[in-house]
Amino acid sequence: MSRNPVVNATLPKSEAKPREIWTADILFHAIELCDDDILKLALNLAFSCSLRMGEMLALTWDCIDITPESIEGGRASIYVNKELQRVQRESLQALDGKEVIKMFPARLASRHTALVLKEPKTKTSVRRVFLPKTVAEKGLAFSLQIFVLKRRENGIMNLLRKVFKVTICDLKTGIDKT
């Protein structure tokens, strides 16, 4: 073929559809209907910090400052420096590992995409967002719940280790302690 027949083709015009943006009333109604405390916190974070879904899902504890001192001083904040995205595997190969912080194991039947934790597309997407006091306090309460659950889980695991250790010792010595 001597020339590309598509070079002079006219592209159809696409209509940009405006996004529907929630009003404060819609947000409050959604939070009121929500039974899950974690989802309520996520809704508050997304709305008050203007976070995209991938930014919210990529938040890690090292990027969150919700100490009681920072809340009282009005400095409670989150640092947005990564995002969670599903990307084409061939795009990942083109990046050659640049901008990718972590690639998660495949969980879907499709082997064409991968879930990755990556740096944001633009430098202006990296930012510190200050939290309203109410949202920071909800985040602090949630982090304390996680801490208590982890402590409880660690206590249960230690108890199980002791039980299994005793059971193994009992089996080795042949002593029945029932």
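What percentage of the 178 residues of the protein chain count as buried? In this predicted model, in which local features need pLDDT of at least 70 and side-chain atom pairs count only at pLDDT 80 or more, totals for chains, interfaces and linings use all residues. Residues are numbered from 1 along each chain as its sequence is written, and side-chain values use heavy atoms, with hydrogens and water left out. The share of buried residues is 22%, where buried denotes under 20% relative accessible area, exposed over 50%, and partly exposed the range in between (1.4 Å probe, protein chains only). The protein chain exposes about 14400 Å², of which 59% is supplied by carbon and sulfur atoms; accessible areas come from the Shrake-Rupley method with a 1.4 Å probe, and for residues only the protein chains shown count as cover.

Six helices and six strands make up the secondary structure elements of the protein chain, taken as DSSP runs numbered from the N terminus (helices, H or I, at least four residues; strands, E, at least two). Read from the N terminus, the elements follow the order α-α-α-β-α-β-β-α-β-β-β-α. With contact defined as heavy atoms within 4.5 Å, 63% of the contacts between residues at least 6 apart in sequence join residues at least 24 apart.

Strand pairing is considered next. Strands of a sheet pair through backbone hydrogen bonds, either parallel or antiparallel; here two strands are taken to pair if DSSP finds at least two bridges between them. Strand β1 (residues 64-65) pairs with strand β2 (residues 77-80) in the antiparallel sense over two bridges, and D65 stands opposite S77 in β2. Strand β2 also pairs in the antiparallel sense with strand β6 (residues 127-130), over four bridges, with V80 opposite R127 in β6.

An open sheet of three strands, with antiparallel pairing, has the order β3-β5-β4. Its edge strands are β3 (83-88) and β4 (100-103), each of which pairs on one side only. The twist from one strand to the next averages 40°, with axes being lines fitted to C-alpha atoms (for helices, over the stretch in contact) and angles running from 0 to 180 degrees between N-to-C directions. Strands β4 and β5 run antiparallel and are joined by three bridges, and K102 stands opposite L117 in β5.

A polar atom of the side chain of S143 lies 2.8 Å from the backbone oxygen of L140, and, leaving aside neighbours within four places in sequence, S143 is in contact with W61 and I66.

Most residues other than glycine have a negative phi; S50 has a positive phi of about 50° although it is not a glycine.

Terms used
Polar contact = N/O pair within 3.5 Å; in protein donor to acceptor, adjacent residues only side chain to side chain.
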